[in-house]
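Here's a quick tour of a model, with the cut-offs spelled out along the way. Have the viewer open and follow along.

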Amino acid sequence: MKIGNREFDVENRTYIMGILNVTPDSFSDGGKWTETDRALKHVEEMQKDGADLIDIGGESTRPGHTPVPAQEEMDRVLPMVEAVRSRFDIPISVDTYKACVAEAAVKAGADLINDVWGAKKDPDMAGVMAKTGAVCCLMHNKDEALYENFLEDLAEELKYSVDLVRKAGVEPDKIILDPGVGFGKTYEMNLEAIRHVEVLRRLGYPVLLATSRKSVIGLALDLPADQRVEGTLATTVLGVMKGCAFVRVHDVKENKRAIQMTEAILGR
């Protein structure tokens, strides 16, 4: 899979998507990287520590978050995309479910559209994904944690997202799937989604696992967001063993070392 100017061996390797939230209210690092110089320094550190992509988000998607108007989201995201693109040679992902924000971000230099609603929230998103030619990450999400058979429904609902973008013209080699840990799921379902993440690989697309510092880890360990590194590492190791192509994390250095050790044990 090619993202930006880089080739990714999604069949045999696990890559790191480093998180850069330019939001005042994200659950773990809200307000920390809204100032450009600090944010760019953080990107430099993440790249040095082993990040393979940078995911820039301008609206918190934590439970109970306040939705942000598209223009405000663009005002946060676009200058950061441009700044990262001008300074670093690293693929850039934009974390948005709004088609207009995604289109503007790709024009500003983003290579990947990371949609937490799997192209289902904004009716124009699938078309933008196709028109821009960007790689797209389709995450599973729903308003309520209601399922008949959780794993089967999870796969079917993600397949619906895939069908949406494929019909719009997105090529199969530009699709990544995300089980959506922490979104539209109970604590037990989140654990099951992690435990059986390989189910999504049967749909034929690379999988991204995004668990970093999330509430499922906090609940399992009874720890606040800033003390969930070890819990995140456990999910990353499992993700590598299950064949996930990407993990989206805050703590790049620690996760990079966990991936390298796991891949060494597996002989990759």
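## Charges over rings

A charge sits over a ring if NZ of Lys or CZ of Arg is within 6 Å of the ring centre and within 35 degrees of the ring normal. Lys121 does this with Trp117, lying over its face at 4.4 Å from the ring centre. Lys142 is placed over the face of Tyr147, at 4.1 Å from the ring centre.

## What you're looking at

This is a predicted model, where local features need pLDDT of at least 70, side-chain atom pairs count only at pLDDT 80 or more, and totals for chains, interfaces and linings use all residues. Residues are numbered from 1 along each chain as its sequence is written, and side-chain values use heavy atoms, with hydrogens and water left out.

The protein chain has a mean pLDDT (the predictor's confidence in each residue, from 0 to 100) of 94, and 95% of its residues reach 70 or more. Over residues 26-31, though, the pLDDT is below 50; this stretch still has 22 contacts (heavy atoms within 4.5 Å) beyond near neighbours in sequence. Where pLDDT is low, the predicted coordinates should not be read in detail.

## Aromatic pairs

Rings of Phe, Tyr and Trp (its six-membered ring) pair if their centres lie within 6.5 Å; planes under 30 degrees apart count as stacked, over 60 as edge-to-face and the rest as tilted. That rule gives four aromatic pairs. One of them is Phe8 with Tyr15, edge-to-face at 4.8 Å centre to centre, with 80 degrees between the planes. Phe8 also pairs with Phe246: the centres are 5.7 Å apart and the planes at 55 degrees, so this pair is tilted.

Phe8 lies in the loop between strand S2 (6-7) and strand S3 (15-21), while Phe246 is in strand S10 (residues 246-249), so the pair ties together parts 238 residues apart in sequence. Strands here are DSSP runs (E, at least two residues), and helices are too (H or I, at least four), numbered from the N terminus. Phe8, Tyr15 and Phe246 make up one aromatic cluster.

## Burial and a polar contact

Buried means under 20% relative accessible area, exposed over 50%, and partly exposed in between (1.4 Å probe, protein chains only). Phe8 is buried at 3%, and Tyr15 counts as buried at 4%. Phe246 is buried as well.

Ser212, in the loop between strand S9 (208-209) and helix H8 (215-221), counts as buried because its relative accessibility is 3%. Its side chain joins that of His250 through a polar contact of 2.7 Å; such a contact is a pair of N or O atoms within 3.5 Å, and within protein one must be able to donate a hydrogen and the other to accept it, with residues adjacent in sequence counting only if both atoms are side-chain atoms.
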